[in-house]
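Work through these exercises with the structure open beside you. Try each task before reading its solution.

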Amino acid sequence: FLSAPYPHPQPPHPLPTESSTMPLPLPAVGTVPASAIAPVAAAAAAAPLRYRPIRLRASPSTVSSPSTSAISSPPPPPSARHSRKHLAGRGDAPARPSKGRVFFLDVNPICFRGSQRSLSAFARWLALFFTHVSLRDPVVAVFDGAGGNEYRRRLLPSYKAHRTRGVGTGADSRVVDVLRECNVPVVQVDGYEADDVVATLTEQVLQKGYRVVIASPDKDFKQLISEDVQLVMPIPEIGRWSFYTLRHYVAQYKCDPTVDLSLRCFMGDEADGVPGIQHLAPGFGRKTAVKLLNKHGSLENLLNTAAVRTVGKEYAQDVLVKHADYLRKNYEVLSLKRDVNVQLDDRWLSARDTCNDTSVLSDFILKFSKG
């Protein structure tokens, strides 16, 4: 289903019934054929570069202070809102997409093999991505900015505390050069993580009538999923990219992505050093959180209601009242900011020139095959 210019990423698998315990399988996007990265003739002339990397430095006046401003932004446009009733087209047949797609590539995670940096892993994931996923659709590459997670660490010192500062962040000049030569614009905003930049640019792309596909294994992006926003994730176990859509989310979590962020405030995020509520209230689990959030819609609504009346069993009510500030802090740490000082360039919405892909990536793979 990925051979068309704008392949519909919805999986062909039916949603499991409510009694099913198996999550909806991800549609895998194939491995790289040898021909996709075969070297070209030495005499082939390299096409001129189209984009230069963009590095923005947010001044103190433009960097938002750690506050709830990022979670009280204006409501998204209709195209970005979630709706379960539109999961399938008429007659349960998937509706053909009518909008163009824009891909945001979260570069840093694909530059690693396990916990070690690997230029070879980056090149092979990028070759897969260009050949089987994005095709000629526009791609914007995003990197973490210098000091991007400092404001979250001020809020919660345990946030990514297990990661050495400076390791795994920033843009490797060799990686940037490859992306430039493949006609991919590069964006990095000092003071912000790549996730926040992607979230901000996603809102701008949706307002222009496009769909968004975020290429990243980072589960933080699940809070952005909608009919017009989906993920495509690298799966190291099978060496493929796999689409993850609104249907996958609902099948996996039995709730709408609009409550994803609120749910994670209860459950925490071990990978990012954000503890959940379980160490304070071991009996308050996912099932209780999902039930309450599905009823009240958001963490803030739930906490505000619990402050004035009973919303559940005595134990759950006690947790919501006693640990409201703790949950609100988790929300502030885990929520992606939508107000980064970055502006979408309309040139980024044009079809990507792929003429350099084969030669650039094959040379890079050969050079760093053991990296």
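The exercises below concern a predicted model and cover ring pairs, salt bridges and surface charge.

**Exercise 1.** Classify the aromatic pair formed by F103 and F129, and find where its two residues lie.

Solution. 
- Start with the total. The count comes to eight aromatic pairs.
- Take the geometry of F103 and F129. Their centres are 5.5 Å apart, and the planes make an angle of 85°.
- Apply the cut-off. Planes over 60 degrees apart count as edge-to-face, and F103 and F129 form an edge-to-face pair.
- Locate the residues. F103 belongs to strand β3 (residues 101–106) and F129 to helix α1 (residues 119–134), so the pair ties together parts 26 residues apart in sequence.
- F103 and F129 are both buried.

**Exercise 2.** Classify the pair formed by F364 and F368, and decide whether each residue is buried or exposed.

Solution. 
- Read the geometry. The ring centres of F364 and F368 are 4.8 Å apart and the planes stand at 50°, so the pair is tilted.
- Recall the limit: buried means under 20% relative accessible area.
- F364 has 7%, so F364 is buried.
- F368 has 13%, so F368 is buried too.

**Exercise 3.** Name the residues that ring pairs link into a cluster with W125.

Solution. 
- The cluster holds F103, W125, F129, F130 and W241.
- F103 and F129 are the edge-to-face pair of Exercise 1.

**Exercise 4.** Describe the salt bridges R101–D137 and D196–R152, and say which parts of the chain they link.

Solution. 
- The structure holds 17 salt bridges.
- In one of them, the side chains of R101 and D137 meet at 2.7 Å, N to O.
- R101 sits in strand β3 and D137 in the loop between α1 and β6 (139–143), so this pair ties together parts 36 residues apart in sequence.
- R101 and D137 are both buried.
- The side chains of D196 and R152 meet at 2.8 Å, N to O.
- D196 is in helix α4 (residues 194–207) and R152 in helix α2 (residues 150–155), 44 residues apart.
- D196 and R152 are buried as well.
- A network of salt bridges links R152, K160, E193 and D196.

Conventions
Residues are numbered from 1 along each chain as its sequence is written. This is a predicted model: local features need pLDDT of at least 70, side-chain atom pairs count only at pLDDT 80 or more; totals for chains, interfaces and linings use all residues. Side-chain values use heavy atoms; hydrogens and water are left out. Rings of Phe, Tyr and Trp (its six-membered ring) pair if their centres lie within 6.5 Å; planes under 30 degrees apart count as stacked, over 60 as edge-to-face and the rest as tilted. Helices (H or I, at least four residues) and strands (E, at least two) are DSSP runs, numbered from the N terminus. Buried means under 20% relative accessible area, exposed over 50%, partly exposed in between (1.4 Å probe, protein chains only). A salt bridge is a side-chain nitrogen of Lys or Arg within 4 Å of a carboxyl oxygen of Asp or Glu.
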